[in-house]
Amino acid sequence: MFFLAGIIDEILPDSIGEELELEPKDKLLAINGRELEDIIDYRFFSADEHLELKIEKPDGQIWVCQVEKDEDEDLGLVFKADVFDQIRSCRNHCIFCFIDQLPAKPRPSLLIKDDDYRMSFLEGNFITGTNLTRRDIQRIIRLALSPLYISIHATDPLLRGRLLGRREAPVLPLLRQLLAAGIELHGQIVICPGINDGQALAATLADLAMLNPGLASLALVPVGLTRYQKNPKLRLFTKEEARLLLNYVQPLQEKYLRETGSAWLYPADEFYLLAEEPFPAAEHYDDFSQLENGVGLSAYFISQWQEKYQNLPINLETKRQVGLITGRAGEKIIAPLLKDLQDIRDLQVNLYAIENTFFGSEVTVSGLLTGSCLKTALAGCHLPPEILLPSSMLKFAEEIFLDGMTVSQLAAALGVKIQVVPVDGGELLTNIVRN
């Protein structure tokens, strides 16, 4: 098997890597003669007390470094990427694939169809499992790569195959094999009205309930469509359909809660917003295992806001004007919370709910707004001197929007200061009242 080297991006100070005089752009080729597939291998093999590191310098020189260290002592190496070969790409042609609904010339990184079990373990990305080899499954089990996140969609092999753009795509044998080996799994079902809802959904849920508690949670997510999608068989949920789904799920949740102590089955926040129904309390979501999937994020956000609000100052030391940016969905969550601040003197908060002109107005979540959406909506507005921007709009660990615009470029275009804040109600409230 062919592996690329782990390219070192940073050496932590006072670390073994610094003592060895390693530098950024050096490549870690092997540890104790073992080539490394990814950061998982690095962590596993570098845990030994006696190491031989094979390093390739940028000029092609090969260094062999002997290391004596305490067991589990870190080498202090930070890599450019978590995988050292390449991301395993998706081989499916899902009828609802978001990447296939992008504009003609999106940012290149948006075109990566990730279906890599390693990224599922490391970052919580959902995979279909259709490209898993026998070796992959053996490695998952041998290294106990748990939890993993699986896109299920349907348990009927033919229906799942239709959704994934394949002749058939069985999933239950894979789930059972991983669960039998002690791998914790979290599942999601992207529901397409008229395709895998109704009786098909009921059959899928009945099959998957038999795998609880090993299948630790199951999210129900409404299909998302941009203005670029062209499949005539796809459509969005209506308000009434969203209400019917919530009414169907609630007694199931109560049943699972009585039997297992966990609601187990969680509709995404979008269903509650669409149905105009209140969110369950934060306690309903147990450990928020699918927060990144938009499941319980609103309840968590509200609970964090309310906790911070208990210790809020009555007055500010100086006058403060600040603007908040969100999407149409976020407006329904944040606008009611801002009423808590009406009695604080010398504080003015403006909420800007931005329509998505890049993907289409049907896309309402904040995380899919782009710099161009914000620039178009806010240009010419009389803005406060500081704008708070949720980090969910930006590339992870970078201040870049989905369309490639940077935060500094947007700030310059609007003539304001932009502060990026975490998607956390308490952190947002702290930044609003900050003097």
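1. Strands β8 and β9. Strand β8 (residues 148-151) and β9 run parallel and are joined by four bridges. Tyrosine 149 has histidine 186 as its bridge partner in β9. Strands here are DSSP runs of E with at least two residues, helices are runs of H or I with at least four, and both are numbered from the N terminus. Two strands count as paired if DSSP finds at least two bridges between them.

2. Basis of the model. This is a predicted model, where local features need pLDDT of at least 70, side-chain atom pairs count only at pLDDT 80 or more, and totals for chains, interfaces and linings use all residues. Residues are numbered from 1 along each chain as its sequence is written, and side-chain values use heavy atoms, with hydrogens and water left out.

3. Burial of β9. How many of the seven residues of β9 are buried? Seven of the seven residues in strand β9 (residues 185-191) are buried, so the strand is largely enclosed by the rest of the structure. Buried means under 20% relative accessible area, exposed means over 50%, and partly exposed lies in between (1.4 Å probe, protein chains only). Leu185, Gly187, Ile189 and Ile191 point one way from β9. His186, Gln188 and Val190 point the other way. Both sets are buried.

4. β9 to β10. Strand β10 (residues 215-222) pairs with β9 in the parallel sense, over seven bridges. Isoleucine 191 has proline 222 as its bridge partner in β10. With helix α7 (residues 198-209), β9 and β10 make a right-handed β-α-β unit. Right-handed means that, with the strands pointing away from the viewer, the path from the first strand over the helix to the second runs clockwise.

5. The five-stranded sheet. In what order do the five strands of the open sheet stand? The order is β7-β8-β9-β10-β11, and the pairing is parallel. β7 and β11 (265-267) stand at the edges with a single partner strand each, so one side of each is left without a neighbour in the sheet.

6. Threonine 128. This residue sits in the loop between β7 (126-127) and α4 (134-142). Threonine 128 is buried, at a relative accessible area of 8%. Its side chain makes a polar contact of 2.8 Å with the side chain of aspartate 115. A polar contact of 2.9 Å links the side chains of threonine 128 and threonine 130. A polar contact is a pair of N or O atoms within 3.5 Å; within protein, one must be able to donate a hydrogen and the other to accept it, and residues adjacent in sequence count only if both atoms are side-chain atoms.

7. Cavity. The count comes to one cavity of 30 Å³ or more. A cavity is a set of points, on a 1 Å grid over the protein atoms alone, where a 1.4 Å probe fits but cannot get out; lining residues have an atom within 4 Å of a point. The volume of the largest cavity is about 40 Å³. Grid points are joined across faces, edges and corners, and the volume is the space filled by probe spheres set on the points. Ser217, Tyr266, Tyr285, Phe288, Ser289, Gln290 and Val295 line the largest cavity. That lining has four nonpolar, three polar and no charged residues. Ala, Val, Leu, Ile, Met, Phe, Trp, Tyr, Cys and Pro count as nonpolar, Asp, Glu, Lys and Arg as charged, and the others, Gly among them, as polar.

8. β1 and its partners. Strand β1 (residues 6-11) pairs with strand β2 (residues 27-31) in the antiparallel sense, over two bridges. Glycine 6 stands opposite leucine 28 in β2. β1 also runs antiparallel to strand β6 (residues 77-79), joined by three bridges. Isoleucine 8 stands opposite phenylalanine 79 in β6.

9. β12, α11 and β13. Strands β12 (residues 315-327) and β13 (residues 345-354) run parallel, joined by nine bridges. Threonine 326 has alanine 353 as its bridge partner in β13. β12, α11 and β13 make a right-handed β-α-β unit. Isoleucine 334 lies in helix α11 (residues 328-338). Isoleucine 334 counts as buried at 9% relative accessibility.

10. Threonine 260. This residue belongs to helix α8 (residues 239-260). At 42% relative accessibility, threonine 260 counts as partly exposed. Its side chain reaches the backbone oxygen of tyrosine 256 at 2.7 Å and that of serine 262 at 3.2 Å.

Technical notes:
On a 1 Å grid over the protein atoms alone, a cavity is a set of points where a 1.4 Å probe fits but cannot get out, and a pocket is an open set with protein on both sides within 12 Å along at least five of seven lines; lining residues have an atom within 4 Å of a point.
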